[in-house]
Amino acid sequence: MVLKIRLARFGKRNAPFYNIVVAHARTARNGKPLEVLGTYDPVPKPPPSGEGKAIKDIKLDTSRAKYWLGVGAQPSEPAWRLLSMIGLLEPKYHGPPSVEADNVGGR
């Protein structure tokens, strides 16, 4: 079966909190996962020193994430972005659309 690394939403309304999970591709977003790899809090917190940019908290078991990527689990787009921030995957760059893609219909 196809495995996905994706985000499962928890938390209250207007205060999201996500678990980074490994689940079968056909299960529901908040269904029971095979394994919870970590957490992601997208609400920016002020830095401890009080200076600089706000911090979004990502906690991840990198050894388990590497294992699941090694056995073929496919990350979703948001999970790919988080894993690339940590350094486990190469970032996907979405540059400007190419001219060839716009002229597919021959118009």
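Reply: Happy to. Let's start with S84: leaving out residues up to four places away in sequence, S84 touches L89, E90 and P91. One thing to keep in mind is that this is a predicted model.

Me: Where does S84 lie? And is S84 buried or exposed?

Reply: S84 lies in helix α2, which covers residues 77–86. S84 is buried, because its relative accessible area is 18% and the cut-off for buried is under 20%.

Me: Which other residues of α2 are buried?

Reply: Besides S84, the buried residues of α2 are A79, L82 and L83.

Me: What do they pack against?

Reply: Quite a list: the buried residues of α2 pack against the strands β1, β2, β3, β4 and β5, and against helix α1.

Me: And what follows α2?

Reply: G87 does, and its phi is positive, near 110 degrees.

Me: OK, zooming out. How many helices and strands are there?

Reply: The chain has three helices and five strands. Along the sequence they come in the pattern β-β-β-β-α-β-α-α.

Me: In what order do the strands sit in the sheet?

Reply: The order is β4-β3-β2-β1-β5, in an open sheet with mixed pairing. β4 and β5 are the edge strands, each pairing on one side only. Helix α1 packs on this sheet and touches β1, β2, β3, β4 and β5, with its direction at about 120 degrees to that of β3.

Me: How many bridges join β1 to β2?

Reply: There are 10 bridges, and the two strands run antiparallel. β1 and β2 also form a hairpin with two residues between them. N14 sits in that turn and has a positive phi of about 65 degrees.

Me: What about β2 and β3, how do they pair?

Reply: They pair in the antiparallel sense too, over five bridges.

Me: Which residues stand opposite I20?

Reply: On the β3 side, I20 stands opposite G38.

Me: Is N19 buried or exposed?

Reply: Buried: its relative accessibility is 16%. N19 touches R6, L7, A8, F10, V36, G38 and T39, again not counting residues up to four places away in sequence.

Me: Let's switch to the core. Which residues in the largest nonpolar core touch the most other members?

Reply: That core has 16 residues, and I5, I20, L37, L60, W68 and L83 touch the most other members. β1, β2, β3, α1 and α2 each supply at least two residues of this core. As general background, nonpolar side chains in soluble globular proteins tend to be buried together.

Me: What does W68 touch?

Reply: W68 touches L3, I5, V22, L34, E35, L37 and A73, with residues up to four places away in sequence left out.

Me: Now charges. How many salt bridges does the structure hold?

Reply: Three. In one of them R64 pairs with E35, with the closest N and O atoms 3.0 Å apart. R64 is in helix α1 and E35 is in strand β3, so this pair ties together parts that are 29 residues apart in sequence. R64 counts as partly exposed at 29% relative accessibility.

Me: And what does K45 form a salt bridge with?

Reply: With D41, the closest N and O atoms being 2.7 Å apart. K45 is partly exposed, with a relative accessible area of 38%, whereas D41 is buried at 13%.

Me: How far apart are the closest N and O atoms in the K59 and D57 salt bridge?

Reply: They are 3.8 Å apart, and the cut-off for a salt bridge is within 4 Å. D57 is partly exposed, with a relative accessible area of 31%.

Me: Last topic, the whole chain. What percentage of the residues is buried?

Reply: Buried residues make up 28% of the 107 in the chain. The chain exposes about 7,800 Å², and carbon and sulfur atoms supply 54% of that area.

Key
Residues numbered from 1 in each chain as written. Predicted model: local features only at pLDDT ≥ 70, side-chain atom pairs only at ≥ 80, totals over all residues. Heavy atoms only, no water. Helix = DSSP H or I, 4+ residues; strand = E, 2+ residues; numbered from the N terminus. Buried < 20%, exposed > 50% of the residue type's maximum accessible area, 1.4 Å probe, protein only. Contact = heavy atoms within 4.5 Å. Core = buried A, V, L, I, M, F, W, Y, C linked by side-chain atoms within 4.5 Å. Salt bridge = Lys/Arg side-chain N within 4 Å of Asp/Glu carboxyl O. Areas by Shrake-Rupley, 256 points an atom, 1.4 Å probe, with all protein chains shown as cover. Pairing = 2+ DSSP bridges. Axes fitted to C-alpha atoms, helices over the stretch in contact; angles between N-to-C directions.
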